[in-house]
Amino acid sequence: MKRGSVSAIINLVEPWEALEPLTTSRPVGTLPFGGRYRLLDFPLSSVINAGIQNVMVTTPRSGRSVADHLRSGRDWNLDTIRGGLFTYPYNDLKLVSPEKKATLIHHYYDNTILFLKRSHSEYSVVMSTRNVGNIDLKALIRYHEERDNPVTTVYKSVDPQTLTPANTILQLTDKGMATAVVPAGKAKLKATTKKAAKNMDIYLMSTVDLIDILQEANRRGDLISLEELMKQAVIQHNANAFEYTGFYANIHDLASYYAANMAILDEDNFRALFYSSRRIYTKVKNEIPTFFAQGSQFRASLCGTGGYIEGQVDHSVIFRNVLINRGSQIKDAVIMQGTRIGAGTKIEHVVIDKNVVIGPNLVLKGRPDQPLVISKGQHIFQQAEVVSSD
Amino acid sequence: MNNEMLGIILAGGQGTRLGKLTKDTAKPAVPFGGRYRIIDFTLSNCANSGVNTVGVITQYQPLELNAHIGNGASWGLDDLNGGVTVLQPYSSTEGEKFFEGTAHAIYQNIEYIDQQNPKYLLVLSGDHIYKMDYDAMLAYHKAKKASLTVGVIPVTKQEARRFGMMNTDETDRIIEFEEKPEHPKSDKASMGIYIFNWPTLRDYLVKSYATDKSLEDFGKNVIPSYLAHNESVYAYAFKGYWRDVGTIQSLWQANMEFLSPHNRLNIGDRNWRIYSKAQVLPPMFLTDTSQVNNSMIVDSCYVAGEVDHSILSQRVSVGMGSRVVDSMVMPGATIGKNVVIDHALIGEEAVIGDDAIVQGTPTEIAVVGYNEVVGVQQP
């Protein structure tokens with residue numbers, strides 16, 4: 001692909017309420033995932049692996065965690081002489097005063113339009129971060145070029161039973177064309193339906209068309225999300241629907257976040273996501289090797305570097321720099337960077353955010369369908385401080 | 001000149017005593033401690049000491065080393081006013097700039113050093129494992145108003161026979177130098193770390209190469225010549241952990257020491273971090289049949305067998321039923337099923353077939369070379 005022919009917008013303005021407390025101080029896109037990644041690494045890696053060098057990341061608020069993670073974009077090879085990484089903060093209108101909001105009418109999409117115009121790209125792809133996968137965007141572009149509709153969308157074929165009412169699906173014609181993006185709850189799927197086209201919130205179109213859509217929205221005075229505009233475009237123009245067949249996880253609430261982490265402990269899923277020809281990039285860090293002490297047991301689990309493991313870990317995702325003391329038992333857990341687990345503590349079906357300290361001889365227990373979540377930076381030393389997930 | 005002191009890392013030696021491991025690569029590029037290469041320690045020391053301009057002199061098999069160092073960004077040495085320059089021999093009207101000894105290597109790169117125009121020249125080896133503040137050594141060099149300061153480490157009488165030994169007076173001024181003495185008079189062994197006043201060293205080298213070309217090696221020639229000419233040469237005593245990893249045995253030993261949480265090197269100290277070229281790799285995956293004790297493992301390892309008191313580097317896989325004991329496995333090595341690896345160094349990308357046995361002893365470490373294939377039946 002010729003350099004600069006495609007630009008990408010990774011949109012971090014996504015529903016986050018159901019992921020609290022993990023999303024209290026970060027957008028969904030910087031949720032830690034899989035031992036050393038952030039959700040945003042997956043779409044960003046897809047973009048990089050397709051040779052796309054014009055990338056805009058839109059964030060709901062200040063985007064501190066986003067800026068800290070991406071910095072110059074060097075770790076994704078985006079500190080290039082042409083194009084590069086652009087961040088566009090403060091897109092969450094709930095945080096904007098009425099006066100400020102009034103000035104945004106007819107200008108809400110100005111930054112995005114400017115980015116697209118300056119990219120001089122032929123195509124643009126809009127992606128979200130709550131759909132974890134490893135998609136071949138070059139194949140998507142080829143698919144788009146071979147078909148007539150102005151927009152191409154992406155779906156994963158899933159069992160309708162796995163959908164929540166708020167998950168969106170593509171309505172497909174017999175010929176596989178998407179005519180609308182609708183919430184599963186309103187889709188009136190027949191009870192006998194075996195497959196539904198789960199929408200992956202990826203939209204590809206010509207940059208000229210995308211600029212038109214945004215300028216039109218400005219003219220109307222719209223203040224709606226980019227994703228909403230994309231869904232409208234699908235209804236208006238109909239869309240080609242590209243089926244993604246790789247590992248997929250949709251993260252929309254705590255249970256699905258937890259389940260997605262557990263899913264990559266399956267070796268086939270792990271290999272599909274991380275060992276394809278398309279690598280997953282993330283911010284590199286200089287951690288020391290992880291030390292497994294005498295008497296430790298670490299099984300069926302992932303671990304980042306910088307760890308110190310003395311206890312027992314089974315079927316868990318352990319991020320970088322985690323300390324697990326002697327005699328502790330960790331099972332079916334997600335433990336994020338910098339957390340320390342005291343000696344003799346038992347943990348099962350739990351998600352522990354970054355830099356948490358759990359004292360010795362405590363019991364933290366959630367349920368497989370409803371993990372107990374310990375939010376960032378908490379220090380818990382008494383059993384009474386443990387709030388159960390029930 | 002933007003930096004007072006220029007660092008030069010001598011990374012051109014063949015490292016013949018590392019046998020198979022340096023057949024196709026330079027010694028400083030040999031992996032160490034799971035996620036490092038030997039030169040990372042010296043490069044990180046430079047970065048942490050504020051020595052922001054560093055020339056790395058290469059000669060023997062430099063490709064892997066070049067790829068590792070890149071533009072120096074991994075060490076934060078992609079400085080606007082300095083940075084890392086890999087110096088390879090080149091040809092000129094005076095002939096080709098290959099070199100024989102350590103001092104000759106500096107002479108052959110005189111143009112680069114002149115370009116930097118430093119006041120002080122810090123000369124380092126690329127094959128030592130240690131953490132050292134070169135800025136503190138420079139302060140000592142200035143305080144002593146020395147012409148040359150030599151980094152020294154205390155050694156036993158036994159060890160002294162392998163080193164260049166510095167005999168000093170009560171002010172730590174070096175009065176005599178003995179190469180590998182049978183009966184050492186002091187315990188101060190040269191670490192091969194020098195701070196020179198560059199203009200003085202430059203004069204010595206230029207004169208020598210215009211006449212008898214005698215100043216080939218720092219230990220054998222330059223220090224004796226400095227002492228003979230009554231230059232002020234001082235010994236700077238380093239008290240920290242320091243290992244020369246120039247032999248199979250010492251490389252294995254230093255790796256085993258690295259495994260100990262109580263190792264004096266203190267690799268986890270965040271105030272003096274050791275950086276390496278960071279690679280983007282998935283996290284390590286240990287299966288439900290793994291058994292890991294007293295070991296260090298890094299990104300992208302896959303372990304289904306037993307690992308005991310060993311180090312696995314990036315992308316190493318250990319198959320089911322295999323046992324890796326008292327060993328260091330370098331990046332990308334694949335260990336099949338039901339393999340025994342005991343007291344061994346396994347080279348990069350080596351392949352150990354199912355049921356193979358690689359058995360060394362504490363005094364005779366087994367070595368499998370880079371890309372070597374052991375115990376795989378050829379169809």
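This is a predicted model. I begin with helix α1 of chain B, which covers residues 39-49. Of its 11 residues, 10 are buried, so the helix is largely enclosed by the rest of the structure. Buried here means under 20% relative accessible area. The buried set is B:I39, B:D40, B:F41, B:T42, B:L43, B:S44, B:N45, B:C46, B:A47 and B:S49. Just after α1(B) comes B:G50, and its phi is positive, at about 80°.

Next, the annotated site in chain B. Which residues does UniProt list under "binding site"? The record, an unreviewed entry, gives B:G164, B:E179, B:K180 and B:S190. In sequence these positions span 27 residues, but no pair of their C-alpha atoms is more than 10.5 Å apart, so they gather at one spot.

I will take two of them in turn. B:K180 sits in the loop that runs between β12 (174-179) and β13 (188-197) of chain B. Is B:K180 buried or partly exposed? Its relative accessible area is 48%, so B:K180 counts as partly exposed. If we set aside neighbours within four places in sequence, B:K180 has contacts with B:A160, B:R161, B:R162, B:F163 and B:G164. One of these, B:G164, is itself in the UniProt list.

B:S190 belongs to strand β13 of chain B. With a relative accessible area of 12%, B:S190 is buried. Leaving out neighbours within four places in sequence again, B:S190 is in contact with B:V150, B:G151, B:V152, B:F163, B:G164 and B:M166.

Now to chain A as a whole. How many helices and strands does chain A have? The count is 9 helices and 27 strands. The C-alpha trace of chain A spans about 60 × 50 × 45 Å along its principal axes.

Of the 390 residues in chain A, 57% are buried. For contacts in chain A between residues at least 6 apart in sequence, 59% link residues at least 24 apart.

Last, the surface and charges. Chain A exposes about 16300 Å², with 50% of that supplied by carbon and sulfur atoms. Chain A carries 45 positive and 38 negative charges, and their mean positions are 3 Å apart.

Notes
Residues numbered from 1 in each chain as written. Chains lettered and ligands numbered in written order. Predicted model: local features only at pLDDT ≥ 70, side-chain atom pairs only at ≥ 80, totals over all residues. Heavy atoms only, no water. Buried < 20%, exposed > 50% of the residue type's maximum accessible area, 1.4 Å probe, protein only. Helix = DSSP H or I, 4+ residues; strand = E, 2+ residues; numbered from the N terminus. UniProt positions renumbered as here; feature names shortened; annotations may be inferred. Contact = heavy atoms within 4.5 Å. Areas by Shrake-Rupley, 256 points an atom, 1.4 Å probe, with all protein chains shown as cover. Lys, Arg positive; Asp, Glu negative; His and termini not counted. Charge placed at Lys NZ, Arg CZ, Asp CG, Glu CD.
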